[in-house]
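Me: I am new to this structure and would like to know what the words used for it really mean. Could we go through them with the model in view?

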Amino acid sequence: MEPILKVENLVKHFPVKGGGKRVVHAVDGISIQIKRGLTLGLVGESGCGKSTLARTIIRIYPPSSGHIYLDGQNIASLSQRQLKPIRKKIQMIFQDPFASLNARMTVKDIIAEPLRAHRIGTPQEQGERVFEMLAKVGLERAHANRYAHEFSGGQRQRIGIARSLILHPELIICDEPISALDVSIQAQVVNMLKNFQEELSLTYLFIAHDLSMVRYVSDEVGVMYLGKLVELAGCDEIYKNPQHPYTQGLIRSAPASSPALARMKKSVPIEGDIPSPISPPPGCRFHTRCRYAQGICKAEEPPLEDQGTGHFTACHFLGR
Ligand code: SF4
């Protein structure tokens with residue numbers, strides 16, 4: 001199966017205001033791919049670069065370097081005008097549904113906005129599509145003329161989902177779509193996304209720091225740390241057999257399964273804060289927090305290598 005999305009060595013640096021040549025290393029050479037109809041979950045602490053990666057893939061931010069292939073077409077260097085038809089294929093659901101919905105527009109206008117931007121249908125046809133979408137996400141026709149502030153967080157996220165689906169996209173980037181919602185609502189929204197995936201053959205890049213939800217929705221899971229991918233594997237594999245000390249710390253229920261990690265305890269807490277992405281540590285970026293760090297970790301960056309079964313890990317003490 002050909003991947004619908006293939007990202008190769010993507011880099012996104014932001015200049016530091018008044019910092020001369022210094023940059024924020026938000027995304028530093030990420031390569032991922034997602035097969036059509038599947039979900040790649042992406043996890044990591046706040047500040048690891050996962051949201052910047054999402055926004056760079058969808059070209060809200062221009063990439064500093066690297067390639068982004070959507071259906072085989074490299075969209076990394078397309079102009080905004082060239083990107084317009086591509087935007088029908090790839091949509092985004094944002095973390096904060098309140099901030100992402102225009103407070104001065106009615107729900108009807110918010111959901112119909114992508115249709116207008118792409119000049120699809122008459123106003124009447126657009127209105128009918130909005131009603132269809134409202135029904136699909138469990139809202140009522142009567143909601144169409146209200147404003148975002150009149151809704152609960154869960155309902156606002158449903159409005160955001162309706163807007164993201166109205167152009168029949170193929171790939172949806174879900175940037176922490178449930179983090180701002182009450183726990184009781186999170187499962188409803190995730191179930192809805194799963195149902196839409198099946199019904200509409202959608203592909204998802206699902207970003208979260210909630211590992212349990214990522215497990216529930218993902219076919220594959222990638223773990224990011226300070227702008228780098230440190231582990232990538234099938235969903236069951238990564239939860240049953242996490243290899244990287246950072247992933248183990250995140251999951252906190254990882255049995256030590258390889259001889260090299262036999263000394264690692266079942267639960268490995270991650271201590272300290274994530275270092276500044278303006279001056280990331282040399283070598284393995286995790287070495288300042290890794291209890292297993294040795295000399296080589298500070299000097300050499302471990303490559304992300306296949307441990308033999310499609311399970312990729314970036315650690316000097318694995319797979320050797
Ligand atoms: Fe820890 Fe060294 Fe492995 Fe990095 S390379 S995760 S510092 S043991």
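**Pockets, cavities and packed helices**

Me: The largest pocket has a volume of about 600 Å³. What makes a space a pocket?

Reply: This is a predicted model, where local features need pLDDT of at least 70 and side-chain atom pairs pLDDT 80 or more, while totals for chains, interfaces and linings use all residues. Residues are numbered from 1 along each chain, and side-chain values use heavy atoms, without hydrogens and water. On a 1 Å grid over the protein atoms, a pocket is an open set of points with protein on both sides within 12 Å along at least five of seven lines. Its volume is the space filled by probe spheres set on points joined across faces, edges and corners.

Me: Which residues line the largest pocket, and which lie nearest its centre?

Reply: There are 33 lining residues (an atom within 4 Å of a point). Nearest the centre lie Ser31, Ile32, Leu229, Leu232 and Leu304. Strands (DSSP runs of E, at least two residues) contribute to the lining: β1 (3-15), β2 (23-35), β3 (39-43), β9 (220-225) and β10 (228-234) each supply at least two residues. The largest share, 8 residues, comes from β2.

Me: How many residues of that lining are nonpolar, polar and charged?

Reply: The lining has 17 nonpolar, 7 polar and 9 charged residues. Ala, Val, Leu, Ile, Met, Phe, Trp, Tyr, Cys and Pro count as nonpolar, Asp, Glu, Lys and Arg as charged, and the others, Gly among them, as polar.

Me: What is there to say about the second largest pocket?

Reply: About 400 Å³ of space lies in the second largest pocket. Its lining has 16 residues, with Arg87, Ile90, Gln91, Met92 and Pro114 closest to the centre. Two or more lining residues come from each of β6 (90-93), α4 (107-117) and α6. By class, this lining splits into 8 nonpolar, 4 polar and 4 charged residues.

Me: How many cavities are there, and what makes a space a cavity?

Reply: A cavity is a set of grid points where a 1.4 Å probe fits but cannot get out. By this rule there are 2 cavities of 30 Å³ or more. The second largest cavity has a volume of about 40 Å³, and Met92, Ile93, Phe94, Pro97, Ser100, Gln157, Gly160 and Arg163 line it. β6, α3 (97-100) and α6 each give two or more of these residues, and α6 gives the most, with 3.

Me: What classes do the residues of that cavity lining fall into?

Reply: They divide into 4 nonpolar, 3 polar and 1 charged.

Me: Why are α6 and α7 called roughly parallel?

Reply: Let us look at the two helices (DSSP runs of H or I, at least four residues). The axes of α6 (residues 153-165) and α7 (residues 183-200) come within 10 Å and cross at roughly 15°. Roughly parallel means an angle under 35 degrees, so α6 is roughly parallel to α7. Axes are lines fitted to C-alpha atoms over the stretch in contact, and angles run from 0 to 180 degrees between N-to-C directions.

Me: Which residues of α6 and α7 meet?

Reply: Gly154, Gln157, Arg158, Ile161 and Leu165 of α6 are in contact (heavy atoms within 4.5 Å) with Ile185, Gln188, Val189, Met192, Leu193, Phe196 and Leu200 of α7. That contact has 8 nonpolar, 3 polar and 1 charged residues.

Me: How do you know that α4 and α6 are roughly parallel too?

Reply: α4 and α6 pack at about 30°, with axes 7 Å apart. They are therefore roughly parallel to each other. The contact joins Val107, Ile110, Ile111 and Pro114 of α4 with Ile159, Ala162 and Arg163 of α6. It has 6 nonpolar, no polar and 1 charged residues.

Me: What makes the crossing of α4 and α5 right-handed?

Reply: A right-handed crossing has the near helix turned clockwise from the far one by less than a right angle. The crossing of α4 and α5 is right-handed, and α4 and α5 (residues 123-136) pack at about 115°, with axes 9 Å apart. In their contact, Val107, Lys108, Ile111, Ala112, Leu115 and Arg116 of α4 meet Gln126, Gly127, Arg129, Val130, Met133 and Leu134 of α5.

Conventions: Parallel < 35°, antiparallel > 145°, perpendicular 65-115°, else oblique.
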